[in-house]
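This briefing is intended for a reader with the sequence and coordinates at hand.

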Amino acid sequence: MPSTPTVQQKAASKPAPGTGRALVPDAAQRRQLVGRLSATTSRMTTATLAAMDERHPWFGELDAEHRSWIGVVARSGIDGFVQWVADDPEADFEPSRVFAAAPRALTRQITLHQTVDLMRTTIAVVEEQLCLLPAEDRPVLEDAVLHYSREVAFAAAEVYARAAEVRGAWDARMEALVVDSIVRAEADEAMVSRASTLGWTSGSKVFVAVGQTLTTGEDSTSSLRHAAGKLGLDVLTAVQGDSLVVVGSSPQVDDEQSAIAMVDRLQEFFGEGHVVVGPLVADLVDSPRSARAAVSGLRASVAWPEGARALPAAELLPERALNGDGHARRELAREIYQPLAEAGGDLLETCVGFLDHGCSVEATARDLFVHANTVRYRLKRIQDVTGYSPTDARDAYVLRLAITLGRLAQRGV
């Protein structure tokens, strides 16, 4: 006794709305319709290419190879329409195959907007050519064109979405390589060339900022790029371990304060802790110097939790020096101790005496056998020469360490 078809089997055998079998249920009539439609495909393809040349200036500007590939895609789309109308259950047709005939490189030469022009023109020509078919075929085919064009539109969007994903993944890997070259101090003209493929064109000064990544596991680099773009800041960014590295440049950033202000507006994309900004450098080739200071500063910043959220690497020179950064030790000796020792006027002696006497002007004056106002004058001169004031607790700490390191450097220690 034959079994009764189930609801699922009935649903599976029923053609989907808008397909060839749904529009023309009778198989014999559908075959005849497809036969008449197939006879016009060559004429439709020729008319489509002529219409493309007439309606779209960009088509005429392409070289012969790309024009030929577009012709292949147009012919594939028209042939796909015939297959779609035929709707043979044994020959499964996917609209995305329309674009499979062309090489993947074509998506880099033909924009999505131009692909839409191609689709719109092809569909319009097919509709125009339907007038050459018998009158009884036209209503069914006009309805079929509407359904088919929708499927092809979705297929085109999928093709370009995949191409965008591939390009995005390639860009991310290239950007990570560029940032890694900067952090590893391997920046050269080849690295600059790779950066230019990512759209880096800035001719302004460059800085590197380093902070912790977000603990939520969220990839904040895309949001950071968008926010930086709104600020007029060109950036290259990548995650290295638990650190987020940002290479930035903008005409608006011409000194340390403006760089800190810019990074401060992007701090939400970093994790907890400090965001350390390296010194401004002339260009991308010199950026490893900024990256070295920023990375060293981030490592040492745990020793100064009282510091600001975004701060320059120069403010962490004592912590960096104590953490084993030889560049920081030499910078303290060169930029603070040496100018102080060479300035004369007993500035070095006054600075040491002032620090040794608990930052007391009167005690320092008695020890040096000078008037208290002389000590005050010398303290002001010390700030002018070094940029650090002995009367400020933090600056006094920097000065004391710089003097110690400078004396050791003189001894060759």
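In which helix is Val 73 found? Val 73 belongs to helix α6. The model under discussion is predicted. Its protein chain has 413 residues, of which 43% are buried, and its secondary structure comes to 19 helices and 5 strands.

**Overall chain**

- The protein chain exposes about 21900 Å², and carbon and sulfur atoms supply 52% of that area.
- Among contacts between residues at least 6 apart in sequence, 69% join residues at least 24 apart.

- Val 73 counts as buried because its relative accessibility is 6%, below the 20% cut-off.
- The C-alpha atoms of Val 73 and Met 119 are 9.6 Å apart in space, although the two residues are 46 apart in sequence.

**Nonpolar cores**

- The largest nonpolar core has 34 residues, and the members that touch the most others are Leu 37, Phe 81, Val 85, Phe 99 and Leu 141.
- Two or more residues of this core come from each of α3 (27–38), α4 (41–55), α5 (57–60), α6 (64–86), α8 (112–129) and α9 (138–183).
- Beyond residues up to four places away in sequence, Leu 37 touches Met 44, Phe 81, Val 82, Val 85, Leu 130, Leu 133 and Leu 141.

**Second largest pocket**

- The second largest pocket holds about 430 Å³ of space.
- Its lining comprises 19 residues, and those nearest the pocket centre are Pro 279, Arg 289, Ala 293, Ala 314 and Glu 331.
- By residue class, the lining divides into 9 nonpolar, 3 polar and 7 charged residues.
- At least two lining residues come from each of α12 (256–264), α13 (287–300), α14 (317–322) and α15 (326–343).
- The element giving the most to this lining is α15, with 4 residues.

**Helix α12 and its cover**

- Within α12, the buried residues are Ser 258, Ala 259, Ile 260, Met 262 and Val 263.
- The elements covering these buried residues include β1 (206–212), β4 (275–277) and β5 (310–312).
- Helix α12 also supplies at least two residues to the lining of the second largest pocket.

**Trp 304: a buried loop residue**

- Trp 304 is located in the loop between α13 and β5.
- Is Trp 304 buried or exposed? Trp 304 is buried, because its relative accessible area of 16% is under 20%.
- Leaving aside neighbours within four places in sequence, Trp 304 contacts His 274, Leu 311, Glu 315, Leu 316, Glu 319 and Arg 394.

**Leu 198: a partly exposed loop residue**

- Leu 198 sits in the loop between α10 and β1.
- At 25% relative accessibility, Leu 198 counts as partly exposed, since this value lies between the cut-offs of 20% and 50%.
- With residues up to four places away in sequence not counted, Leu 198 touches Asp 171, Met 174, Glu 175, Val 178 and Leu 236.
- The C-alpha atoms of Leu 198 and Trp 170 are separated by 9.9 Å, the two residues being 28 apart along the chain.

- Most residues other than glycine have a negative phi.
- Ala 185 has a positive phi, near 60°, and is placed in the loop between α9 and α10 (189–197).
- Ala 185 is exposed, because its relative accessible area of 54% is over 50%.
- Cys 359 likewise has a positive phi, near 60°, and lies in the loop between α16 (347–356) and α17 (361–368).
- Which accessibility class applies to Cys 359? Cys 359 is partly exposed, with a relative accessible area of 36%.

Terms used:
Residues numbered from 1 in each chain as written. Predicted model: local features only at pLDDT ≥ 70, side-chain atom pairs only at ≥ 80, totals over all residues. Heavy atoms only, no water. Core = buried A, V, L, I, M, F, W, Y, C linked by side-chain atoms within 4.5 Å. Buried < 20%, exposed > 50% of the residue type's maximum accessible area, 1.4 Å probe, protein only. Contact = heavy atoms within 4.5 Å. 1 Å grid on protein atoms, 1.4 Å probe; cavity = no way out; pocket = protein on both sides within 12 Å on 5 of 7 lines; lining within 4 Å. Points joined across faces, edges and corners; volume = space filled by probe spheres on them. Nonpolar A, V, L, I, M, F, W, Y, C, P; charged D, E, K, R; others polar. Areas by Shrake-Rupley, 256 points an atom, 1.4 Å probe, with all protein chains shown as cover.
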